[in-house]
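Subject: Structure handover, salt bridges

Hi,

Here is the structure for you to look at. Please open it before reading on.

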Amino acid sequence: MPLVEEKWKQAVMELRDEIFEVSLWLTEHPETTGNEVESCKYLVNFLRNHGYDVETPCGTPHSFKAKYREGRDSGYPKIAVMCEYDALPEVGHACGHSLSSAISILTAFALRKAYPDLPLEIDLVGTPAEEGGGGKIHMVKNHAFDEYDLAIMNHLEIENCPHNALLACAATTINFYGEAAPASAVNGRNAFNAAQLFVHATDMLRQHITKDCQMQGIITYGGSAANSVPERNTLKYCLRADNLEKLKDLCQKVEKCAQGAAIATNCEYEVVYNGEPYADIFYPYDTVEEIINIYKELGMTYRTLEQGETSSDVGNVDRVVPTLEMFCKASEDGVQLHTREMVPLLYGERGKQTLYEGALVMGAFLVLLAYNPEKFEHLKEEHRRYYAR
């Protein structure tokens, strides 16, 4: 029996164009993290019009759960197919969330069409505020994922990948406070000098941290006039590490850099963590091989990613339920996400191809789990072993 049956391919193709309109609407109405009012309303209305019972919100503003039961027997494993739909400032849905959300919806709709007796309950779960807002963290804390046996999504990327390996991440604001004075005065305390020292200190720290650690930052406020000593400087940093324990250690080192810079310039400092950190995620090697077999059968290129490069609040969902984040190739030319060049690829035949392939792979994997319960149990056992270490 093939891993990807013809009836599955046909169902995905038949529904593709209708669901593509959902993606286009989201792409053309971008709403940034925490502001997804109309995006959530649009998705909720669309799903209700297609027979779903929708609960909203679910643990954080602008979230939802959409369930399609229609007399189904209870007792089947429950799957949360996650939808992200927040956009980025200035570049809109260059993150690809409009199209990845449509991939989730197409997967759920096509599974109902091709496998009406599928022994899984597939819910669509709307998860806002991924781009720095940690929406899934709030949903986890409010038990939105407790009922599920698996959470899954397919995010856009430059290559197909069976599962993302995430770095833990802390979003940080560092403030330095000095004393305003004319630039030539001797009694000022220059907060900009403190910020400069801090940047140099973190750069020198890179020599003595492990390769998985990252420190990425910008100065968001550096003063208002060149002929005045700045009394305040503000920096924003993303701190990343292989896991939460390593991240804690990195944060302590960065705090010492801030302290040292403040002491050297006779300033005060403040380190503020913007919400709870994004967590790392477990890597299920055996399950990854199952997804790779689907790529091979479809003749799709792919890469594996065992070492984390990015961060997402998807990792926090993994703390309560086995969670998979696939990557779906969205470009033939290596165009990077979070760039203006990504947005045109969400339209036209390239966008439709991404939608089709993303749903095809994710749905085929869910069918594999549905009809091979021993593989599903093995995935859950891999997850249990990882967190029992």
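Below is what came out of a look at the salt bridges.

Keep in mind that this is a predicted model.

Start with Asp-17 and Arg-16. Their side chains meet in a salt bridge, at 3.1 Å from N to O. Is each partner buried or exposed, or in between? Asp-17 has a relative accessible area of 37%, so Asp-17 is partly exposed. Arg-16 has 13% relative accessibility and therefore counts as buried, because the limit for buried is under 20%.

Next, Glu-276 and Lys-141. This salt bridge spans 2.8 Å, N to O. The pair links distant parts of the chain, 135 residues apart. Glu-276 lies in the loop between strand E11 (268-273) and helix H7 (285-298). Lys-141 belongs to helix H4 (residues 135-141). Glu-276 is partly exposed, at 42% relative accessibility.

Then Glu-159 and Arg-303. Their closest N and O atoms are 3.5 Å apart in a salt bridge. Glu-159 is partly exposed at 34%, and Arg-303 is partly exposed at 25%.

Last, which residues form one network? Lys-65, Lys-67, Lys-78, Asp-123 and Glu-147 do, joined by salt bridges that share partners.

Best wishes

Notes: Residues numbered from 1 in each chain as written. Predicted model: local features only at pLDDT ≥ 70, side-chain atom pairs only at ≥ 80, totals over all residues. Heavy atoms only, no water. Salt bridge = Lys/Arg side-chain N within 4 Å of Asp/Glu carboxyl O. Buried < 20%, exposed > 50% of the residue type's maximum accessible area, 1.4 Å probe, protein only. Helix = DSSP H or I, 4+ residues; strand = E, 2+ residues; numbered from the N terminus.
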